[in-house]
Amino acid sequence: MESLLFGTGGTPNSTPPPNSSVAGIARIAELGLDCMELEFVRGVHMNQTTALQVAAAAKRLSIRLTAHAPYFINLHSADLEKIEGSKYHIIQTARIAVPCGVESIVFHAGSYEGDSPENAYPVVKKNLAEVHERLKKEGITIRIRPEVLGKSAQFGTIEEVLNLSSELAGVLPTIDFAHWHARTGKYNTYKEFAEILERIEKKLGRDALDNMHMHISGIKYGAKGELSHLNFDESDFNYKELVKALKDYRVKGFAICESPNLEEDARRLKDTYNEL
Ligand SMILES: [Zn+2]
């Protein structure tokens with residue numbers, strides 16, 4: 001990608017009714033933001049006609065799109081039906097995301113479910129490889145991205161998502177910096193953010209930093225990690241130093257804001273970036 005784009009996870013809060021994806025895209029443009037994540041987090045309920053309207057609106061207003069697959073995906077489950085369902089939900093997201101003009105899909109890989117991370121990894125990897133194969137057969141080449149998750153019981157450390165990305169075709173990470181801070185209690189300084197970026201480049205090459213998909217927000221956390229998302233002003237998350245690191249490392253791609261106030265913190269990220 002040619003630059004770093006800022007936008008919201010879902011339609012902005014200030015989108016006028018009806019709160020549709022098309023109306024959200026128009027509002028993103030009015031706010032001077034660049035991109036929006038379509039939220040299929042409660043299931044894929046969009047039809048092809050709407051998808052084409054979304055694509056047309058995004059193209060007309062030069063707004064770029066990502067998508068978030070349903071929350072109930074778990075590629076590491078003892079329940080085989082649940083695993084098959086999870087693969088289906090990622091594929092369904094991709095099938096509707098493509099006509100929308102979406103460029104990148106993020107999903108939560110699942111949880112350890114009492115298993116060790118070492119045992120969970122090959123299971124998630126195998127299932128994700130199958131998703132990729134099935135998408136390939138359908139001629140869908142969109143990138144699917146496991147997200148860095150905020151709770152210690154969830155599959156999705158930086159190491160896990162980088163390993164999946166380096167070992168599987170069609171897979172790249174979604175780096176959620178707030179989740180990683182919540183999960184570790186660390187990674188909240190310029191030096192630590194830079195360390196993450198260097199790790200990505202070392203593992204996946206410069207191309208990964210040129211095509212990033214990130215989530216950024218304030219966050220509330222406890223001993224087991226993430227509790228809830230917060231606005232920057234209510235949180236200790238050091239977004240200013242993160243933005244500086246993103247600028248210094250010439251990171252390009254999508255910076256999706258997931259603070260509850262969505263567009264306010266997204267604008268703050270973009271303004272902070274532009275003022276540097
Ligand atoms: Zn997510």
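Helix α5 crosses helix α7 in a right-handed manner, a crossing being right-handed if the near helix is turned clockwise from the far one by less than a right angle, and left-handed if anticlockwise. This is a predicted model, in which local features need pLDDT of at least 70 and side-chain atom pairs count only at pLDDT 80 or more, while totals for chains, interfaces and linings use all residues. Residues are numbered from 1 along each chain as its sequence is written, and side-chain values use heavy atoms, with hydrogens and water left out.

The axes of α5 and α7 are 10 Å apart and form an angle of about 25°, which makes α5 roughly parallel to α7 (angles under 35 degrees). The residues that meet, with heavy atoms within 4.5 Å, are listed below.

| Helix | Residues in helix | Residues in contact |
|---|---|---|
| α5 | 158–167 | Ile158, Glu159, Leu162, Asn163, Ser165, Ser166 |
| α7 | 190–204 | Ile196, Arg199, Ile200, Lys203, Leu204 |

The residues of this contact comprise five nonpolar, three polar and three charged.

A zinc ion is coordinated by His68 (NE2), His108 (NE2) and Glu147 (OE), at 2.1 to 2.2 Å; donors are N, O and S atoms within 2.8 Å of the metal (3.2 Å for Na, K and Ca). Along the chain, the spacing of the donors is H-x39-H-x38-E. Because His68 belongs to strand β3 (residues 64–68) and Glu147 to the loop between β6 (143–146) and β7 (154–155), the pair ties together parts that are 79 residues apart in sequence. His68 is buried, with a relative accessible area of 1%, and Glu147 is buried with a relative accessible area of 1%; buried means under 20% (1.4 Å probe, protein chains only).

Note on methods:
Helix = DSSP H or I, 4+ residues; strand = E, 2+ residues; numbered from the N terminus. Buried < 20%, exposed > 50% of the residue type's maximum accessible area, 1.4 Å probe, protein only. Axes fitted to C-alpha atoms, helices over the stretch in contact; angles between N-to-C directions. Parallel < 35°, antiparallel > 145°, perpendicular 65-115°, else oblique. Nonpolar A, V, L, I, M, F, W, Y, C, P; charged D, E, K, R; others polar.
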